[in-house]
Amino acid sequence: MSTNTTAKNVSRGESGPMSFGDDEVMDPLTMRGRDWPGLRQFCVFAENRVGALHSLLRRFEGHDIRVVALSIDNSVDCAIVRLMLNNTERGREILNLSGLTYSEVDLVGVELPESSQPHVEICIALLQAELNVHYTYPLLFRRNGRGAIALSVDDVDLAMKTLQDKGLRLISERDLWDQDDEMY
């Protein structure tokens with residue numbers, strides 16, 4: 001299991017403190033919690049059949065939740081839908097109530113710098129830190145005319161520090177709530 005993935009039985013919505021037979025109760029989440037400026041991606045298991053994606057996305061309808069990134073990895077029988085929402089807590093609640101099998105992964109969000117090759121600038125910064133990029137995709141995000149991307153990397157903390165040290169602006173979930181209104 002990746003070090004930046006929250007471990008829990010999310011298919012039934014079970015999470016929270018765990019007891020090991022004594023009075024000490026341990027929280028299975030990392031010490032870092034949700035106080036750092038990262039993004040959370042849901043990886044939802046779905047059948048590879050007509051209408052499955054539509055059914056998943058309709059679950060967020062009417063809950064004032066926007067899908068800000070979407071990617072699908074499919075095979076003959078099943079698909080993994082990677083999605084990011086502008087409200088992680090509410091999205092998790094909806095997925096749990098729906099009884100869907102999913103996992104959560106921490107990603108790095110970064111605003112595209114003003115450059116003729118903004119993606120190259122971001123990749124150079126990560127390369128200098130010897131960080132591997134597993135995948136990336138654009139975010140439906142815009143502030144002051146600039147977009148953003150989400151990155152899955154080997155070490156989220158090091159990537160965030162590296163990008164900040166290079167003067168790049170990180171995107172947090174709060175930014176996804178407060179983006180420019182002109183986009184929509």
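**Close-up views of a predicted model**

S71 is buried, with a relative accessible area of 18%; buried here means under 20% relative accessible area, exposed means over 50%, and partly exposed is what lies in between (1.4 Å probe, protein chains only). The model is a predicted one, so to speak of local features takes a pLDDT of at least 70 and side-chain atom pairs count only at pLDDT 80 or more, while totals for chains, interfaces and linings use all residues. Residues are numbered from 1 along each chain as its sequence is written, and side-chain values use heavy atoms, leaving out hydrogens and water.

**View 1. S71 and its neighbours.** S71 sits in strand β5; strands (E, at least two residues) and helices (H or I, at least four) are DSSP runs, numbered from the N terminus. Setting aside residues up to four places away in sequence, S71 touches I80, V81, R82 and Y137, where contact means heavy atoms within 4.5 Å.

**View 2. Strand β6 between its partners.** Strand β6 covers residues 78–85, and six of its eight residues are buried, so the rest of the structure largely encloses it. Strand β4 (residues 39–47) pairs with β6 in the antiparallel sense over six bridges; for two strands to count as paired, DSSP must find at least two bridges between them. Strand β5 (residues 67–74) is also an antiparallel partner of β6, this time over seven bridges. β5 and β6 form a hairpin, with three residues between them.

**View 3. Helix α2 and its buried face.** Helix α2 runs over residues 88–98, and its buried residues are T88, G91, R92, I94 and L95. Seen down the axis of α2, the buried residues fall within an arc of 165°, so they line one face of the helix; the arc is that of the directions from the helix axis to the C-beta atoms. What do the buried residues of α2 pack against? They meet β4, α1 (52–58), β6, β7 (102–111) and α5 (173–177).

**View 4. The two ends of α2.** At the N-terminal end, N87 caps α2, with a side-chain oxygen 3.4 Å from the backbone nitrogen of E89. After α2 comes G99, whose phi is positive, near 70°.

**View 5. The β8–β9 hairpin.** Strand β8 (residues 133–143) and strand β9 (residues 146–153) pair in the antiparallel sense over seven bridges. V133 stands opposite V153 in β9. Two residues lie between the strands of this hairpin, and there N144 takes a positive phi near 50°.

View 6. Is C43 buried or exposed? C43 counts as buried, at 12% relative accessibility. C123, at 43% relative accessibility, counts as partly exposed. A search of the whole structure finds zero disulfides, a disulfide being a pair of cysteine sulfur atoms within 2.5 Å.

**View 7. Stepping back to the chain.** The protein chain has five helices and ten strands. Of its 184 residues, 42% count as buried. Take the contacts between residues at least 6 apart in sequence: 70% of them join residues at least 24 apart. The chain exposes about 10,600 Å², with carbon and sulfur atoms supplying 50% of it; accessible areas come from the Shrake-Rupley method with a 1.4 Å probe, and for residues only the protein chains shown count as cover.

Methods: Polar contact = N/O pair within 3.5 Å; in protein donor to acceptor, adjacent residues only side chain to side chain.
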